[in-house]
Amino acid sequence: MPEWIFWLYIFVLTAFLGYHLISGVPPLLHTPLMSMTNAISGISLVGSLVTAGADHTLSSSLLGLVAVTCATINVVGGFLITDRMLKMFRKRGDERS
């Protein structure tokens with residue numbers, strides 16, 4: 001069996017498992033779960049910055065740049081979604097930004 005088929009199998013299996021794990025989370029726990037995934041995304045952002053700045057080859061620097069871009073979008077989007085979810089739990093009289 002070629003190696004790429006093995007990695008494709010692992011990817012599909014983890015996507016399936018992740019979908020079923022997230023769909024089983026009660027709505028009350030979505031905000032803490034999002035905060036935790038933002039922290040994990042921040043760790044991947046640091047790792048991608050290290051990869052981009054290692055300056056081994058041009059291809060590794062380009063892949064690191066792509067990883068930094070994707071991880072940054074993920075972190076910023078996660079914080080925006082978390083902020084929006086937290087605004088839903090505020091009382092009407094509480095007008096903090």
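Does Asn-38 count as buried or exposed, and at what relative accessibility? In this predicted model, where local features need pLDDT of at least 70 and side-chain atom pairs count only at pLDDT 80 or more, totals for chains, interfaces and linings use all residues. Residues are numbered from 1 along each chain as its sequence is written, and side-chain values use heavy atoms, with hydrogens and water left out.

Asn-38 has a relative accessibility of 5% and therefore counts as buried, a term that stands for under 20% relative accessible area, computed with a 1.4 Å probe and protein chains only. The residue belongs to helix α2, which covers residues 30-53, a helix being a DSSP run of H or I with at least four residues, numbered from the N terminus. Apart from residues up to four places away in sequence, Asn-38 touches Asn-74, Val-75, Gly-78, Phe-79 and Thr-82, where contact means heavy atoms within 4.5 Å. The C-alpha atoms of Asn-38 and Gly-77 are separated by 9.0 Å, although the two residues are 39 residues apart along the chain.

In the chain as a whole, three helices and zero strands are found, strands being DSSP runs of E with at least two residues, and the order of the elements from the N terminus on is α-α-α. The radius of gyration, taken over C-alpha atoms, is 18 Å, well over the 13 Å that the globule rule (2.2 Å times the number of residues to the power 0.38) gives for 97 residues, so the chain is more spread out than a compact globule. Buried residues account for 14% of the 97 residues.

Key:
Buried means under 20% relative accessible area, exposed over 50%, partly exposed in between (1.4 Å probe, protein chains only).
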